[in-house]
Amino acid sequence: MQPLSTALALLIGIAGWYYLFYSRAAERLAAVEAHRLNRLRVWLRRAGGLVLLLLPVGMYRFAKLWVSEDAAKYAAIGSIFLGSLAQMVYQSGQINTTFASVMMLNALPYFYNWIREGRLTGLLKGLAIFLVGCAAHHVSMIFAAPFFTLPVIWLAFLDRKAEGADASIPGVISRTVLFGAIILIGLGLVLLPYWVTLYHNPIKQAPIYHESRANYLLEPHYGLNFFVVPTAAVLLAFPFIFWRGATSRRLRPLFFGWYLTMIIGLGGTTPLPKALFGRAWEILTYERFTYWATLMALPFAGLIAEWLIDRFRGKAIAGLALASVLSGAGALAWLHANPIQSGSFSIDDVIGFLNRDDHAKFRYITLGFGMQLARVGVLANASSVDGDYNSGRLLPELMAGGSAQLTNAKYFRNGMEALRSMLKHADHYGLKYIFVRDRYYEPLLAFGGWRQAEVYDNGNITLWTKESVPPAHKITPPAGAVPSPFLSLLWGTLPMATVVFALALLILFPERRRQAETINFPATAAAEPVVLREAQ
């Protein structure tokens, strides 16, 4: 099976190093343009490359718990081409979720070795890698861990006497409880500044509507976007997953974990997510559950690939390769045909205006800028009352309405009311400049006393101002909203310390492979050679 291992390594290398080399090109571009935004793109590319390097490794190690080595390799190759991965990165921007999921896949085999065989290195490595995932995105680890971990615990109970292991049921239970307790303590320590800040200043943001919570039967376009397109070719494996999951004792834990995760990924189509998560139902988005379900389906897909290749050889390889590429390419094509933001436009004049003279003394907002809101915020010296991070907002006008960014106010149920409230208190916040790309908002501005001052990008963007607005003053945040210097120090060191801890363990205690070798006992002497002699 050496050719298969070579092909796996080659595909992983191409997928990861493409991003890393592409980041070098972006770095040269950043040096020419001298834009901070391009330097951020460099690091985002490198983060994406790291995910693509570690995802197949984690999937291979996770799949080997359930299926043969060849099937696990096929599952690892398939993980690179998942449509759900493309959606998570390029539509939702969930690099932190994908990275945390990769860390969890790499940690679970160590967890399995610990609870089944009591390997101390398994406990330490699993803990270290899991905490790296928690530092990357704690929400993903908290809500994904039960669906991945419980099947692994079930499997450890099934395998407690397999392959020379001799674990008792109380031993497996005690080691599971110990691992869970240590994880909770580690999670509390690594994210201590976050928990302290959350305790003193709990999130008061009203729930914001997200399309992944829709009923996909009543709104099929959202079903296509959040389930059918991301799942792609994995949908063809559903009958096989149900059949093998129901008939195979070993695969049954994984089947139940996959099935529950897949149903939750349907959002509001079923009442299960709302019943299971309670109030958290209105906080979570459910495209990530579809991503996790496709990850859990890959070991089954690996079994299908193994059977097809053994039987049909080259034809099966060609068909599977085509299905894999179409899964990833189809998701990207769908995103291109259904962009979040329609049409491109230049913000150079906007940035130039905000960065010249004394315009930075006032605050601004954008209307109709979509995803360019973040880019303006990075490049402009002036501050804004709007922003992308919903949970970090502290202004009451933004928290009460249940809307997300003001720049997309018309798309949310209470978005226009939040915008009216912000315009009403423009003097209090020093809000003097409004850049408009959508004429839908202009009547509201004209009625509120704003006037059009300048036009940019061939009439695509207009600047509206209000002369009576005083310069912006510093807004004092509520008590506990800003971490103390000590908590800031911990916030800058503890998450990175998990990475150093994990790398140190992996380097100092490399994983040793057990190889089976048959030894005859007692040893038999070599047989004497038989010589034929001519009869006398």
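**Strand pairing and nonpolar cores in a predicted model**

Tutor: In this predicted model, Val 455 has Thr 462 in S4 as its bridge partner.

Student: What makes S3 and strand S4 a pair?

Tutor: Two strands pair if DSSP finds at least two bridges between them. S3 and strand S4 (residues 461-465) are joined by 5 bridges, so the two count as paired under that requirement of at least two. They run antiparallel.

Student: Why are strand S1 and strand S3 said to stand at the edges?

Tutor: The open sheet has 4 strands in the order S1-S2-S4-S3, with mixed pairing. Strand S1 (363-367) and strand S3 (451-456) each have a single partner strand, so one side of each lacks a neighbour in the sheet. On average, neighbouring strands are turned by 25° against each other, direction ignored.

Student: How do you know that helix H16 packs on the sheet?

Tutor: Helix H16 (residues 348-355) touches S1, strand S2 (431-436), S3 and S4. Its direction makes about 170° with that of S2.

Student: Why is the set that includes Trp 258 called a nonpolar core?

Tutor: The term requires buried residues of listed kinds, Trp and Phe included, joined through side-chain atoms within 4.5 Å. Trp 258 belongs to the largest such core, of 85 residues, and is one of those with the most contacts inside it, as are Phe 62 and Leu 295. Helix H5 (residues 95-117) gives the largest share of this core, 13 residues.

Student: Which other core lies apart from it?

Tutor: Another core has 22 residues, including Ile 365, Ala 409, Leu 419 and Trp 450.

How values were computed:
Residues numbered from 1 in each chain as written. Predicted model: local features only at pLDDT ≥ 70, side-chain atom pairs only at ≥ 80, totals over all residues. Heavy atoms only, no water. Buried < 20%, exposed > 50% of the residue type's maximum accessible area, 1.4 Å probe, protein only. Axes fitted to C-alpha atoms, helices over the stretch in contact; angles between N-to-C directions. Contact = heavy atoms within 4.5 Å.
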